Amino acid sequence: GEIVMIDIRDGMELKATGKAKGALHVPMAAFKMRCDPSSPECLPELKSGKPIVVYCASGARSGMAKGMLKRFGYEDVHNIGGLAHWQRAGGAIER
């Protein structure tokens, strides 16, 4: 509850491996619409002021997502790499 975590992988990836427990699923195809504060469909969780953490499969797409979030005006944004990094650090997975 101290962060907002976003999984940006597509639905097939999520179905195959699950996601970090508590993460929101926002695939890259919907990222601008769901994360841009000027969008009427912006996720309410992003308005909390909590740090935002993004991840994908390897860290490449989440690096792009981090840059987009910064351009949208979010300040406390972190790329934790891939889902495997989360698991190796002891993070729980939900399916």
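**Figure 1. Burial and overall dimensions of the predicted model.** Of the 95 residues of the protein, 39% count as buried. The model is predicted. Its C-alpha atoms fill a box of roughly 35 × 25 × 20 Å along the principal axes. The radius of gyration is 12 Å, which agrees with the value near 12 Å for a compact globule of 95 residues. Contacts between residues at least 6 apart in sequence were also sorted by separation: 61% of them join residues at least 24 apart.

**Figure 2. Order of the secondary structure elements.** The protein has four helices and six strands. From the N terminus on, the elements run β-α-β-β-α-β-α-β-α-β. Helix α1 covers residues 11–17. Strand β2 spans residues 19–20. Helix α3 takes up residues 60–72. Strand β6 consists of residues 93–94.

**Figure 3. The open sheet.** Four strands form an open sheet in the order β3-β1-β4-β5, with parallel pairing. Its edge strands are β3 (24–25) and β5 (77–82), each pairing on one side only. Strand β4 holds residues 52–56. Four bridges connect β4 and β5 in the parallel sense. V53 stands opposite H78 of β5. Helix α3 lies across β4 and β5 and runs at about 150° to β4.

**Figure 4. S62 at the face of helix α3.** S62 lies in helix α3. Its relative accessibility is 0%, so S62 counts as buried. Leaving aside residues up to four places away in sequence, S62 touches I8, V54, Y55, C56, N79 and G81.

**Figure 5. K19 and its surroundings.** K19 is found in strand β2. Its relative accessible area is 15%; K19 is therefore buried, the cut-off being under 20%. A polar atom of the K19 side chain lies 2.2 Å from the backbone oxygen of A23. Not counting residues up to four places away in sequence, K19 touches D7, R9, L14, L24, Y55, L83, A92, I93 and E94. For K19 and A92, the C-alpha atoms are separated by 8.5 Å, although the two residues are 73 apart along the chain.

**Figure 6. The K19–E94 salt bridge.** Side chains of opposite charge can pair when their charged atoms come close. The side chains of K19 and E94 meet in a salt bridge, 2.9 Å from N to O. K19 lies in strand β2 and E94 in strand β6, so the pair ties together parts that are 75 residues apart in sequence. Are the two partners buried or exposed, or partly exposed? K19 counts as buried, at 15% relative accessibility. E94 has 29% and counts as partly exposed.

**Figure 7. The E13–R61 salt bridge.** Four salt bridges are counted in the model. One of them joins the side chains of E13 and R61, at 2.8 Å from N to O. E13 counts as partly exposed, with a relative accessibility of 21%. R61 is partly exposed too, its relative accessible area being 26%.

**Figure 8. The K32–D36 salt bridge.** The side chains of K32 and D36 meet in a salt bridge, with N to O at 2.8 Å. K32 counts as partly exposed, at 49% relative accessibility. D36 is buried, with a relative accessible area of 11%.

Conventions
Residues are numbered from 1 along each chain as its sequence is written. This is a predicted model: local features need pLDDT of at least 70, side-chain atom pairs count only at pLDDT 80 or more; totals for chains, interfaces and linings use all residues. Side-chain values use heavy atoms; hydrogens and water are left out. Two strands pair if DSSP finds at least two bridges between them. Helices (H or I, at least four residues) and strands (E, at least two) are DSSP runs, numbered from the N terminus. Contact means heavy atoms within 4.5 Å. Axes are lines fitted to C-alpha atoms, for helices over the stretch in contact, and angles run from 0 to 180 degrees between N-to-C directions. Buried means under 20% relative accessible area, exposed over 50%, partly exposed in between (1.4 Å probe, protein chains only). A polar contact is a pair of N or O atoms within 3.5 Å; within protein, one must be able to donate a hydrogen and the other to accept it, and residues adjacent in sequence count only if both atoms are side-chain atoms. The radius of gyration is taken over C-alpha atoms; the globule rule is 2.2 Å times the number of residues to the power 0.38.
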